[in-house]
Every structure is written in C-alpha cells, then in structure tokens.
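Let's take a friendly walk through a protein together. Have the picture open beside you, and follow along from one stop to the next.

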Amino acid sequence: MFGLEALDLARIQFAFTISFHILFPAITIGLASYLAVLEGLWLKTHDDTYRDLYHFWSKIFAVNFGMGVVSGLVMAYQFGTNWSRFSDFAGSVTGPLLTYEVLTAFFLEAGFLGVMLFGWNKVGRKLHFFSTVMVAIGTLISTFWILSSNSWMQTPQGYEIVNGQVIPVDWLAVIFNPSFPYRLAHMAVAAFVATAFFVGSSAAWHLLRGRDNPAIRRMLSMAMWMALIVAPVQAVIGDFHGLNTLKHQPAKIAAIEGHWENVGNEPTPLILFGWPDMKAEKTRFAVEIPYLGSLILTHSLDKQVPALKEFPPEDRPNSTIVFWSFRIMVGLGMLMIFTGLWSLWLRKRDRLYSSRPFLYLALWMGPSGLIAILAGWFTTEIGRQPWVVYGLMRTADASSGHSLVQMSITLALFVVVYFALFGVGIGYMMRLVRKGPVTNEGAETSHGGPGRKRTPARPLSAADDDDHSTSLNKGN
C-alpha cells in the first residue's frame, strides 16, 4: 500500500486509533472538573445559571465519555493483536499499570457516574455533588496511570531484563519515572485548556448569532478566565518538560529543533522555520535566531544543544515531522495566551461579550486545544522512534509480524468504521452544543412528580425535547 511495509501500516493504524481516542478523554477530563465547579458554585450561590449550565454540559459529557470508553477498548486490544512482541517484552510493567487504572479510576467512575447522570432528582444535593466530584477525580486518576505507563516507555527505570523480558523490581521507580511528573502535568493542563476553548467557542457561537443570556455570558467568562490563567502555566510546564527531555532523550530534542551539527564552541541558534531533510542531513530554508536555542533549552548563552549528527542515522527520529508538529503545538499555545490576554483587555472595557472580532477568534479557537494535544502527542511518540521502549526495544522488534495484506485490510476497516461511528457521535455532540443551555428564568420550579415536567432520567433524551421551559429544575 503506497510503498509502505506492514510495520508502517501497524504504526499508522495505532496512530489513527489513538488520535481519535485521545480527543475524547481530553474533553472528558476537562468537562468533569468543569461540571464539579458548576455544581459547587450552584450549591454555594444558589444562582440557577450554574445549574442550567451543569445540565447542558452534562449531556455533552455523557456522549463524550461513551465515545472515549469505546475507542479506548479498541486500543487495548491492539497491544495483543498488532504489538504482541511488545506485550511479551514489557507486559509485566504496562499490564499492571493499566490494571491499576481499571481498579481505581474505572471503578470509581462506574460507581458514581450513574448517580451523576441519572440521580439529579433521586438523591440529595450533597450526595449528587459528591458523585460529580468523584467522577472528576476518577478522570484524573485515569490520566495518572495512563501517563505513568507511557512515561515509563519514554524513560524506563525500576526494572531488570531477565530472559528477554522486563521484570519490575521497584514499582515506585517504575511509576514515578523521570519524565512522569512533567508529562502528567502537561497532559492534565492541556485537557483543561482544550476544554476551556471548547466551552468558550460554544459561547462565542451563540453570542455571534444574537443569543445573549446570563448562561451564555457565564460560559464565555469562565472559559476566558481559565485560558488567561492556565495557558501561561502550560507554557512554563512545557519549558520544564523540554529540559527533562533534553536530559533523557537528547535525540528527540535535536529532531524537534532541526539541529544537525554544532560549529566549534558556538552557542546553538533557534531555527524558527525550515524543512529538515533527513537524507541530506540538513535543514533547508532555515530561519535562525542566534543564541536563542541555547537560551531556551539550556538557560544559558554558551552551552550547546546536542545535534542529530551526534547520533547514528538508525537512532534518529524523523525530524521533518516532529519539527513541524512541535511548532504547531507551540504556535497554538501562543495564540491561546494571546486570546486570554485579549479577553482581559476587553473585560476591563465591558466589551467581552460584544466585540465581534474577539468572538470570531474565540469561535475559531474552539478546536485549538485538541489540535495542540494531537500535535504534542505526535511530537512525543514520533520523537521516541525508533524505540517503542526507549533504549530497550525497537519498534521494528515489537510488532506481531502480520502481512501487508492483513494490515491493509484492517487499517481500511478501522478508517471506515471510525469515521462512521464516531462521526455520528461527534455530530450528535455538536448538535447538543448548537442547542445551547436552556435557562429557567421566570419559570416555576418543579421537583417532578405526576403530571409535572422535570429533568429527564435519561440525560440524552433531552436532545429531542423542544419544550425546555420547565425541564431543568433545582433538584432535591
């Protein structure tokens, strides 16, 4: 298929499935915490705007959560079908880590998700709020274990190799491997930022269409406060993550920078743009800023950054891809910071909800967080190549060895099924977003009962309810 080998198709298949999957947990993590904040503010202030927003976003959370679970199950099976040699080599580490996720995060979410989604009129307010908080904590615990497993593959420690298999000898060292704290913080904050721009984009869409009410304004206001505060924090975390990667995976940093060789004792310039040519071993059309590479990556003006030519050709990541995926991530991050600062400037002038240029920017920034997450994930995973477990097992040695025909057929089926299944799910979720939150201003509060309207016991059934005037209530 297009001159690719079976191994290439196996990697593309996993990249395709994980690209779909990672979008859903990212929004799930952010929305779960957002819902906990909304319900907590409603209980504290008794402002029904927070309650209305909770009901609105809980429907979207339910759809997103379901798609995340389904797409995650497929990935788990791929470890056994397409990467069985990896599972045989490192399964004693990655298997238990994923099991811990199930025993902690999944059980916690499963225990409280039903109460959160279906118990609004069936349990007390405090118990319902507690359930929402537990679901939010569960999503973060899930992030903890997934990032621990992936980080161990990037910076393995706490193991011995016995008879060609990894044997864990220190579980604390395995879990809290050198890159884990930085990756965990980077991913968790990325989920919050992505969710903030998703929520802000939804609010901007409604405001641009003349739908201006307290709930819409509150959505935009909360989203922009989150962007203003968290986007710069993410940049700082990214800097620490980069220093950690320079220490443990210098070839990845060299590929990200498109930096091929050092000249004497000269400090390393920063290549803003260019085209890394893997065959010619140089970056074409490079636009450089002297000294800046050393300043950013070593925090000095005289130290040099490792160059790609210092590593054997077979150990070099594909610089052409990671050079640009990293710049897409950083470029979007700078736009996020700019959007947050602009929102603050407009807020001080009472124009946050009326400036159409800003609202259009907020609208188009909606998918920016998710695109940045994908770009960062590509940078991380492709930058690790040619290793599946860095320094221990090459990707070429990890695959199951299926034929080209088998991988071609399964990849084609994955593409068709994923676009059909998740395309419908995403379309339904966006339909909910377009409906917007339903406010209960001026309506008589109902607590349910015979002949009385109330929030449906099935959250998603509200998507086809045309009469929302009394469908949301204050609960018990």
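**A walk through the model**

Begin at R394, which lies over the face of W387, at 4.4 Å from the ring centre. A charge is said to sit over a ring if NZ of Lys or CZ of Arg is within 6 Å of the ring centre and within 35 degrees of the ring normal. R218 gives another example: its charged end sits over the ring of Y50, 4.7 Å from the centre.

Before going on, a word about what you are looking at. This is a predicted model, in which local features need pLDDT of at least 70 and side-chain atom pairs count only at pLDDT 80 or more, while totals for chains, interfaces and linings use all residues. Residues are numbered from 1 along each chain as its sequence is written, and side-chain values use heavy atoms, with hydrogens and water left out.

Now find helix α1, which covers residues 6-45. Helices (H or I, at least four residues) and strands (E, at least two) are DSSP runs, numbered from the N terminus. With its 40 residues, α1 reaches 59 Å from its first C-alpha to its last, close to the 58 Å expected at 1.5 Å a residue; the expected span is 1.5 Å times one less than the number of residues.

What comes after α1? The helix is followed by H46, whose phi is positive, near 60°. Most residues other than glycine have a negative phi, and most peptide bonds are trans. H46 is found in the loop between α1 and α2, and at 54% relative accessibility it counts as exposed. Here buried means under 20% relative accessible area, exposed over 50%, and partly exposed in between (1.4 Å probe, protein chains only). Y291 also has a positive phi, near 70°. Its place is in the loop between β4 and α9 (292-298), and at 46% relative accessibility Y291 counts as partly exposed. For a cis peptide bond, look at Q385 and P386, where omega is about 10°. P386 is in the loop between α12 (368-384) and β5 (387-389).

Next come the strands. β3 (residues 270-277) and β4 (residues 282-289) run antiparallel and are joined by 6 bridges; two strands pair if DSSP finds at least two bridges between them. W275 stands opposite R284 in β4. The hairpin has 4 residues between the strands, and E281 takes a positive phi near 55° there.

Let's turn to the aromatic rings. Rings of Phe, Tyr and Trp (its six-membered ring) pair if their centres lie within 6.5 Å; planes under 30 degrees apart count as stacked, over 60 as edge-to-face and the rest as tilted. By this rule the count comes to 29 aromatic pairs. One of them is F61 with F65, a tilted pair at 5.7 Å centre to centre and 35° between the planes. Why are F61 and F65 separated by about one helical turn? Because they are 4 residues apart in helix α2 (residues 48-81). An α-helix has 3.6 residues a turn, so residues three or four places apart point the same way. F61 is buried, with a relative accessible area of 0%, and F65 is buried at 16%. The rings of F323 and W324 have centres 5.6 Å apart and planes at 75°, so this pair is edge-to-face. F323 counts as buried at 0%, whereas W324 is partly exposed at 29%.
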